[in-house]
Amino acid sequence: MSDEIKRLPKLWTGDHYNEGIGRDDIFDKLREECGVFGVFGVPDACSLGYYGLHALQHRGEESAGLAAVESATGHFSYHRGMGLVKEVFDQSKLEGLPGDRVIGHVRYSTAGESKLANAQPLIFKYRDGDLAVATNGNIVNAPSIRKELESQGSIFQTTSDTEVIAHLIARSSKDFVSAAKDALQRIIGGFAFLIMTNDKLLVASDAHGLRPLVMGRLGDGYVFASETCALETVGAEYERDVQPGELLVLDRSGLRVDRFERLERRATCAMEYIYFARPDSDINGINLHSARKRMGRQLALESFIDADIVTGVPDSSISAAIGYAEQTGIPYELGLIKNKYTGRTFIQPSQELREKGVKMKLSAVRKVVEGKRVVMIDDSIVRGTTSLRIVNMLREAGATEVHVCITSPPFKNPCYYGIDTPDRKELIASQKTVEEIRQAINADSLYFLSNEGFVEAVGGNDGEYNRGMCMACFDNDYPTPVDPTSEKSCSC
């Protein structure tokens with residue numbers, strides 16, 4: 001290595017490029033913690049798993065893993081690694097995972113530590129053989145269960161809350177399915193589980209359906225994924241969403257539908273509709289691109305601004321910006337461009353380098369915004385630092401006015417169900433009025449979509465509370481018991 005290269009500043013910390021990618025991002029966007037993908041009864045399942053995880057890469061960029069079973073022999077194999085899916089797996093790795101059953105996982109390390117031990121699927125040996133567990137979400141009462149199990153002699157290998165369910169299953173004297181049902185009944189939170197042994201695959205969604213999980217068919221087999229876009233990628237036909245409190249059992253006898261909890265209130269995470277899921281995915285039958293366009297239209301009806309152009313903060317706000325532009329007749333323009341190839345931007349010792357990191361990720365198109373009154377559409381404001389940087393970026397590019405419109409209500413409350421959120425005191429909307437936030441982000445005006453407008457824009461079942469959504473981050477109405485003073489569990 002040349003002396004010149006050695007003198008260059010290290011642009012990441014840790015042993016691998018994406019370590020800690022879910023934390024300390026200069027853009028304070030909310031982070032989903034993971035995505036899951038499973039295949040049952042399809043030859044060369046790991047190749048499908050690879051492509052399925054690739055389609056879910058936006059849900060977790062730090063680690064990836066696949067576990068496979070060969071149904072004829074029960075042979076179990078797995079591989080996990082730190083980094084992107086394409087970095088963790090190559091052809092030789094996939095060839096080392098033979099079988100027609102697979103579960104896979106992509107992860108952000110937003111709460112648990114950034115290390116290989118926490119990469120999923122988590123793998124265990126127990127009395128009946130091999131056990132692999134992958135989950136998307138968060139177990140609210142994991143810390144208390146963990147302490148109870150440790151006091152009884154359990155030894156935990158990871159800091160992930162997912163390990164709790166493996167210990168509950170292993171300690172039970174019941175058969176595997178009954179033990180899993182008991183374990184699922186004990187845990188509280190938002191989760192989508194894939195649990196695989198040498199001869200069975202269990203698929204479970206929490207009692208409120210907080211985290212999305214869908215089922216598809218591919219030939220005579222089944223495919224499960226956090227989002228429908230992954231089904232499309234592998235050529236599977238969407239069949240239905242896995243219902244809240246449902247437990248699907250797949251083995252040589254086929255598919256059996258069971259339940260571990262009855263449905264009292266569907267409460268799918270509102271931020272899945274607003275931000276997390278890909279726009280080409282559907283949740284509960286609702287296409288997200290269309291829903292986000294309706295959010296933009298509704299925002300225009302509630303908060304019209306006389307301006308020259310509308311632009312969206314890429315990527316999740318583009319659909320809403322198009323809807324706002326269509327409703328108002330103000331031209332939509334690509335005023336902001338995202339560089340998709342920067343990976344992580346990093347905490348640097350100097351503010352100057354930090355600001356350069358911002359521009360590595362996002363830049364304003366000067367010839368588009370210069371001399372214009374700009375309506376900037378974004379999906380949320382967390383701490384406010386991101387909005388301030390983007391507003392200032394547009395002003396530096398020559399925008400004469402910058403009006404900010406947010407396609408969600410003010411984000412005031414922390415999430416306990418698998419979204420990495422700051423403490424309430426760090427959420428700007430819980431500490432400041434809308435006018436104070438406007439001043440803090442240097443905008444000419446600021447508008448949030450109303451709770452009622454958001455619910456109407458998303459759609460859903462009229463007969464369900466909030467049309468089947470959890471909006472606790474906006475209205476403080478959590479669908480499960482939560483204890484804000486308790487230790488926060490380490491999701492995924």
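Predicted model: local features only at pLDDT ≥ 70, side-chain atom pairs only at ≥ 80, totals over all residues.
Visitor: Which strands make up the open sheet, and in what order?
Guide: The order is β4-β3-β5-β2-β11-β10-β12, seven strands with antiparallel pairing. Helices (H or I, at least four residues) and strands (E, at least two) are DSSP runs, numbered from the N terminus. Two strands pair if DSSP finds at least two bridges between them.

Visitor: Which strands stand at the edges?
Guide: β4 (75-82) and β12 (237-241) do; each has a single partner strand, so one side of each has no neighbour in the sheet. On average, neighbouring strands of this sheet are turned by 15° against each other, direction ignored.

Visitor: How many bridges join β3 to β4?
Guide: Eight, with β3 covering residues 63-70 and the two strands running antiparallel. Glycine 65 has arginine 80 of β4 as its bridge partner.

Visitor: And β10, buried or exposed?
Guide: Four of its five residues are buried, so β10 is largely enclosed by the rest of the structure. Buried means under 20% relative accessible area, exposed over 50%, and partly exposed in between (1.4 Å probe, protein chains only).

Visitor: What does β10 pair with?
Guide: Five bridges join β10 to β11 (residues 221-225), and four join β10 to β12. Methionine 215 stands opposite phenylalanine 224 in β11, while arginine 217 has glutamate 237 in β12 as its bridge partner. β10 and β11 form a hairpin with two residues between them, and glycine 219 in the turn has a positive phi of about 65°.

Visitor: Where is the charged end of arginine 217?
Guide: Over the ring of tyrosine 222, 4.1 Å from its centre. The rule asks for NZ of Lys or CZ of Arg within 6 Å of the ring centre and within 35 degrees of the ring normal.

Visitor: Rings, then. How many aromatic pairs are there?
Guide: Ten. Rings of Phe, Tyr and Trp (its six-membered ring) pair if their centres lie within 6.5 Å; planes under 30 degrees apart count as stacked, over 60 as edge-to-face and the rest as tilted. Phenylalanine 76 and tyrosine 78 have centres 6.3 Å apart and planes at 55°, so that pair is tilted. Phenylalanine 76 is buried at 12% relative accessibility, whereas tyrosine 78 is partly exposed at 42%. Phe191, Phe193 and Phe260 form one aromatic cluster.

Visitor: How many disulfides?
Guide: Zero in the whole structure, with a disulfide taken as a pair of cysteine sulfur atoms within 2.5 Å.

Visitor: Last one: which residues of α11 are buried, and what covers them?
Guide: In α11 (residues 318-328), Ser319, Ala320, Ala321, Gly323, Tyr324 and Ala325 are buried. The cover includes α10 (288-302), β18 (309-312), β21 (373-378) and β22 (401-406), where contact means heavy atoms within 4.5 Å. Just after α11, glycine 329 takes a positive phi of about 80°.

Technical notes
Residues numbered from 1 in each chain as written. Heavy atoms only, no water. Axes fitted to C-alpha atoms, helices over the stretch in contact; angles between N-to-C directions.
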